[in-house]
Amino acid sequence: MKIEIKVPPLPESVTEATLVQWHKKPGDIVARDENLIDLETDKVVLELPAPEVGVLTEIIENDGAVVKAGQVLAVLDTAATVAPTQAAPTAETKPAATPTVVATAAALPTARKLMEEKNLTAADVGGSGRGGRITKADAMDAGAKASATATPATVAAAPLPTVSGATESGRIEQRVPMSRLRQRVAERLVESQSTAAILTTFNEVNMQPVMDLRNKYRDRFEKAHGIRLGFMGFFVKAVVYALKKYPLVNASIDGNDVVYHGYFDIGVAVGSPRGLVVPILRDADQKSFVEIEKQIGEFGKRAQEGKLTIEELTGGTFTISNGGVFGSMMSTPIINPPQSAILGVHATKERPVVEGGQIVIRPMNYLALSYDHRLIDGREAVLSLVAIKEALEDPARILLDI
């Protein structure tokens, strides 16, 4: 029986996807649930598994094609004749392949790209992911070991990136297409700048109380819950504290209406190999520090592996962007539409400040709140940022909700 391999249903906010790379070619035997191709949307990379055991008889859309939900990509024949030397594969028994193909089939999309860049095969990299899948961390570790053992001649002979050509002066330039995620990010940034009246207000916060509390309970917290006690949980709690006091900052504009959200879905920007992504902490006001830290840790790990789902990246009423992890001291974050505000967190540095007429050294952090002035006036913006500052400088406010 011939089965059409189609693009799976996409969410309403996603209209099309790009075929990143086929992992099989016409005539190949495939196992049930074996990944056939990666599809990149403007939010995530999706894997398209084979629905049945069979032979891939035809590929209709090639790598790089832009496709829509329900579009036919290939044809799988579940009744095709298999040569005697080629036993039909099962979920446990994969068809024989060259080392390069094995590496491609067993690796996550982000790891696969890194392996190709470093000329690694599955034999060179051990998979620590689910079902033995090779993760980005596995590929990075193997690449580092290969570099450490390589001779100078081997390193010098490494191939240059593929280039599109040279300028008239002979200087090489590389031209590569933007990923769909980067295209979408660019569109949304331009949309935000052109449709919202963005203004930014700044304040500084003394992080000493948070650092003291964290240092006091960090070891016990990790022992009790199996996760690190980070800083982001405090920022999330402080933001929720402020949004409850000033609900307009948690609202959004829809046409001529103001939509007040009775829930607190906080987006936390995290870096990934494909660019910046913003998974959503749903109902953050109902989550404990433990739940927040666990979920943020899971988001970060799955972002690196390209495993965040579209649902996890959709929605949100407010966003926190932490440029401080990269060393940023001050910036003006751009609002993520249709949200009306975003908090920029920066690096904590010791600086001289005046307390009680005395100059003292404190670990200070600049906070930046960008807001849509169409909806939020300066008063609400400034007071909400002050509320965040107060909550961080007196963490008991967060715990007692006062």
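Predicted model: local features only at pLDDT ≥ 70, side-chain atom pairs only at ≥ 80, totals over all residues.

Mentor: Gly64 sits in the loop that runs between strand 6 (54-59) and strand 7 (66-67). Once neighbours within four places in sequence are set aside, the contacts of Gly64 are Thr18 and Leu19. Thr18 is 46 residues away from Gly64 in sequence, yet their C-alpha atoms are 5.9 Å apart in space.

That pairing can be set beside a figure for the protein chain. Among contacts with a separation of 6 or more, 62% are between residues 24 or more positions apart. The protein chain has 402 residues, of which 42% are buried. Its secondary structure comprises ten helices and 21 strands.

The side chain of Asp38 has a polar contact of 3.1 Å with the side chain of His23. Another polar contact, of 3.0 Å, links the side chain of Asp38 to that of Asn35.

Helix 7 covers residues 232-245, which is 14 residues. From first C-alpha to last, helix 7 reaches 20 Å, close to the 20 Å expected at 1.5 Å a residue. Because twelve of the 14 residues are buried, helix 7 is largely enclosed by the rest of the structure. Among the buried residues are Met232, Gly233, Phe234, Val236 and Lys237. These five residues of helix 7 also meet Phe289, Ile292, Glu293 and Ile296 in helix 8.

How are two packed helices described? The description uses the angle between their axes and the distance between the axes. For helix 7 and helix 8 (residues 289-305), the axes come within 9 Å and the crossing angle is roughly 120°. The range for roughly perpendicular ends at 115 degrees and roughly antiparallel begins over 145, so helix 7 and helix 8 are oblique to each other. The crossing of helix 7 and helix 8 is right-handed.

Terms used: Residues numbered from 1 in each chain as written. Heavy atoms only, no water. Helix = DSSP H or I, 4+ residues; strand = E, 2+ residues; numbered from the N terminus. Expected span 1.5 Å × (residues − 1). Buried < 20%, exposed > 50% of the residue type's maximum accessible area, 1.4 Å probe, protein only. Polar contact = N/O pair within 3.5 Å; in protein donor to acceptor, adjacent residues only side chain to side chain. Axes fitted to C-alpha atoms, helices over the stretch in contact; angles between N-to-C directions. Parallel < 35°, antiparallel > 145°, perpendicular 65-115°, else oblique. Left-handed = near helix turned anticlockwise from the far one by under 90°. Contact = heavy atoms within 4.5 Å.
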